[in-house]
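We will go from the whole chain down to one residue pair.

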Amino acid sequence: ELKVEQNPLFLSMQEGKNYTIYCNYSTTSDRLYWYRQDPGKSLESLFVLLSNGAVKQEGRLMASLDTKARLSTLHITAAVHDLSATYFCAVPHNAGNMLTFGGGTRLMVKP
Amino acid sequence: KAGVTQTPRYLIKTRGQQVTLSCSPISGHRSVSWYQQTPGQGLQFLFEYFSETQRNKGNFPGRFSGRQFSNSRSEMNVSTLELGDSALYLCASSLWGGRGSTSYEQYFGPGTRLTVT
């Protein structure tokens, strides 16, 4: 059974600081997804990582994938208040689009 | 390009009733997946439909069912509602059809918030 674990589950940080969210998964996968969710809203796609060593960056967020370690990281650089949200990683099963999600990391960026 | 649409957005039902939720994927997308989100269980996969066929099914009781129409629109039905079915139901739309596909993005709709009283 595929398990996806994120840590930390909650992160409170000051504006301007850097931090990393970790996503571990239990079985091999060639893809990993990162999503953002604002309170009461749906999921917004941030990144799709497709291969070992893949790195993608968008603004202050950078995601990477190590398929051998079954680990993905989401690095936040110089955090701003607008980044406050819950971040989810998700891993697909081999067939189709069935995603198993991590428990989410609730990020609060304080001014 | 229009995004994923879900109707209704909010729904209040009584225990024992049944409910049908609708999802219209992005034009050209043939895969529709459904997820349930609750504070206690997080995001859980319900089922996926591709070209009118159920391709994957999550670990939910038979009260949860779905279908997909020839225009790729999908519906999910929950019969004999229980209080624990109160959740945000999200559908996701994707181009990805299997090995050899090159588009892996999954786009989520705004969700239907179901409250069971």
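Here is the tour, stop by stop.

This is a predicted model, in which local features need pLDDT of at least 70, side-chain atom pairs count only at pLDDT 80 or more, and totals for chains, interfaces and linings use all residues. Residues are numbered from 1 along each chain as its sequence is written, chains are lettered from A and ligands numbered from 1 in the order in which they are written, and side-chain values use heavy atoms, with hydrogens and water left out.

**Stop 1: the whole chain.** Select chain A and show its C-alpha trace, which spans about 45 × 30 × 20 Å along its principal axes. Of its 111 residues, 46% count as buried (under 20% relative accessible area, 1.4 Å probe, protein chains only).

**Stop 2: the cartoon.** Switch to cartoon view: chain A has eleven strands and zero helices. Strands here are DSSP runs of E with at least two residues, helices are runs of H or I with at least four, and both are numbered from the N terminus.

**Stop 3: the open sheet.** Now pick out five strands of chain A in the order 1-3-8-7-6, paired antiparallel; pairing requires at least two DSSP bridges between two strands. Select 4–7 and 55–58 of chain A to see the edges, strand 1 and strand 6, each pairing on one side only. From one strand to the next, the twist averages 15° (axes are lines fitted to C-alpha atoms, with angles from 0 to 180 degrees between N-to-C directions).

**Stop 4: inside the sheet.** Select residues 19–25 and 71–76 of chain A: strand 3 and strand 8 run antiparallel, joined by six bridges. Finish on A:Thr20, whose bridge partner in strand 8 of chain A is A:His75.

How values were computed:
Buried < 20%, exposed > 50% of the residue type's maximum accessible area, 1.4 Å probe, protein only.
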